Amino acid sequence: MISITAPPDGPPTERALQQAGFRLTRPRMAILRILSETGGSLTPDEVQERAAVLCPGIGLVTVYRTLALLADLGQIRRVHEEDRCLAYAPANLAHGHHVVCRNCRRAVEFPGSEDLGAVIGDVARETGFRIDDHLLELMGICPACQRQSDVEQRAFTDQAR
């Protein structure tokens, strides 16, 4: 968990901000804490709502700027979900992707694979694009939601009898 008052050699995200020349302001610390405590993805509005508990008066513009900064520093990743355009999830791997639960929005990072290199090369040759980045995101149902669905299905079946 990222602490609200960081030691000089604080957690990696705090160090990344400091090494890039950014201050650890109270709003940024609140955002870092919220992001470190989530097991899923959060929209900027959700981050702002939760961070306001730790830092009353934090503005949505501050949240957007901080999220963009953290994404640029590779500390979080943007994830796209079916029912909304953009959310953010923690990034712990140098090259990783996320699998996101359709039900609870839990986001789990998994290592990127160089196997995509051949596909990216083919696409570049076929389209003429110079491809410099990619986004791979998988959607599904997490184990907890699968178990809950199984329990609900059994209860429904029992009631029908």
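Reader: Is aspartate 122 buried, partly exposed or exposed, and what is its relative accessible area?

Author: Please keep in mind throughout that the model is predicted. The general idea is that a residue counts as buried under 20% relative accessible area and as exposed over 50%, with partly exposed in between. Aspartate 122 has a relative accessible area of 36%, so it is partly exposed.

Reader: With which residue does aspartate 122 form a salt bridge, and how far apart are the closest N and O atoms?

Author: The partner is arginine 125, and the closest N and O atoms are 2.4 Å apart. Arginine 125 itself is exposed, at a relative accessible area of 62%.

Reader: Where do arginine 125 and aspartate 122 lie relative to one another in helix H5?

Author: The general idea comes from helix geometry. An α-helix has 3.6 residues a turn, so residues three or four places apart point the same way. In this case arginine 125 and aspartate 122 are 3 residues apart in helix H5, which means that about one helical turn separates them.

Reader: How many salt bridges does the count come to?

Author: The count is 2 salt bridges. Besides the pair in H5, the side chains of arginine 33 and glutamate 37 meet at 3.0 Å, N to O. These two residues are 4 residues apart in helix H2, again a separation of about one helical turn. Arginine 33 is partly exposed at 25% relative accessible area, and glutamate 37 is partly exposed at 42%.

Reader: Which residues of helix H1 are buried, and what covers them?

Author: Helix H1 spans residues 12-19, and its buried residues are Thr13, Glu14, Ala16 and Leu17. Viewed down the axis of H1, they fall within an arc of 160 degrees and therefore line one face of the helix. The cover over these buried residues includes helix H2 (26-37) and helix H4 (60-72). On the face turned away from the buried side, H1 carries the exposed residues Pro12 and Gln19. After H1 comes glycine 21, whose phi is positive, near 90 degrees.

Reader: Which residues form a nonpolar patch on the surface?

Author: The patch consists of Val119, Val123, Phe129 and Ile131, which together have about 360 Å² of accessible area. One of its members, phenylalanine 129, is found in the loop between H5 and S5, and this residue counts as exposed at 61% relative accessibility.

Reader: Where is aspartate 132 placed, and is it buried or exposed?

Author: Aspartate 132 also has its place in the loop between helix H5 (116-127) and strand S5 (137-140). At 73% relative accessibility, aspartate 132 is exposed. Its C-alpha is 9.5 Å from that of isoleucine 120, a residue 12 positions away in sequence.

How values were computed:
Residues are numbered from 1 along each chain as its sequence is written. This is a predicted model: local features need pLDDT of at least 70, side-chain atom pairs count only at pLDDT 80 or more; totals for chains, interfaces and linings use all residues. Side-chain values use heavy atoms; hydrogens and water are left out. Buried means under 20% relative accessible area, exposed over 50%, partly exposed in between (1.4 Å probe, protein chains only). The arc is that of the directions from the helix axis to the C-beta atoms. Contact means heavy atoms within 4.5 Å. Patches are made of residues with over 30% relative accessible area and no salt bridge: like charges are joined within 9 Å, nonpolar side chains (Val, Leu, Ile, Met, Phe, Trp, Tyr) within 5 Å. Accessible areas come from the Shrake-Rupley method with a 1.4 Å probe; for residues, only the protein chains shown count as cover. A salt bridge is a side-chain nitrogen of Lys or Arg within 4 Å of a carboxyl oxygen of Asp or Glu.
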